[in-house]
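Please keep the sequence and the structure in view while reading.

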Amino acid sequence: MSTAYSTAHAEAMDPPRSSPDLDVRELEKRTRLMRIITRLIAVSDLGSREIARRAGLPVQKISDLLAGRLEHLDIDELNVLRRTLEPETP
C-alpha cells in the first residue's frame, strides 16, 4: 500500500477540523453587512476619509471593504460602520 493512498484514506476518515478563519456563519454575516454598508456608502454624500473618521477606523479599512477584502474587517468594525452610515431615525 502506498503512502499517498494511506494518507488520503486517513484524511477522508478524520473528522473535519474547525478553523476560526473558515466559519461559514461568520463569513455570511460579514458578507451581508458588507453589502448593506457598500449600499449605504453609495448613497452617502460622505467620502471614505470622512466615513473612516466618523467610525474611528483607518481609511484603509474602508478601502478594504470596498475592494471586497472582508478578512481585514471583523463583525464589530462592520457594525460600527453600519451605525455610522445609517440615517438617524426620529
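At what angle do helix H3 and helix H5 pack, and how far apart are their axes?

## Helix H3 against helix H5

The model is predicted. Two packed helices are described by the angle between their axes and the distance between the axes. For H3, which covers residues 48-55, and H5, which covers residues 75-85, the angle is about 110 degrees and the axes are 9 Å apart. Angles of 65 to 115 degrees count as roughly perpendicular, and H3 and H5 are therefore roughly perpendicular to each other.

On the H3 side, the residues that meet H5 are Ile51, Arg54 and Ala55. Their partners in H5 are Val80, Leu81, Thr84 and Leu85. By type, the residues of this contact between H3 and H5 comprise five nonpolar, one polar and one charged.

## Helix H3 against helix H4

H3 also packs with helix H4, residues 59-66: their axes come within 8 Å and cross at roughly 115 degrees. The crossing of H3 past H4 is right-handed. H3 contributes Ser48, Arg49, Ile51 and Ala52 to the contact, while H4 contributes Val59, Ile62 and Leu66. The residues of the contact of H3 with H4 divide into five nonpolar, one polar and one charged.

## Arginine 49

Arginine 49 and isoleucine 62 lie 13 residues apart in sequence. In space, the C-alpha to C-alpha distance between arginine 49 and isoleucine 62 is 8.3 Å.

Note on methods:
Residues are numbered from 1 along each chain as its sequence is written. This is a predicted model: local features need pLDDT of at least 70, side-chain atom pairs count only at pLDDT 80 or more; totals for chains, interfaces and linings use all residues. Side-chain values use heavy atoms; hydrogens and water are left out. Axes are lines fitted to C-alpha atoms, for helices over the stretch in contact, and angles run from 0 to 180 degrees between N-to-C directions. Helices (H or I, at least four residues) and strands (E, at least two) are DSSP runs, numbered from the N terminus. Angles under 35 degrees count as roughly parallel, over 145 as roughly antiparallel, 65 to 115 as roughly perpendicular and the rest as oblique. Contact means heavy atoms within 4.5 Å. Ala, Val, Leu, Ile, Met, Phe, Trp, Tyr, Cys and Pro count as nonpolar, Asp, Glu, Lys and Arg as charged, and the others, Gly among them, as polar. A crossing is left-handed if the near helix is turned anticlockwise from the far one by less than a right angle, and right-handed if clockwise.
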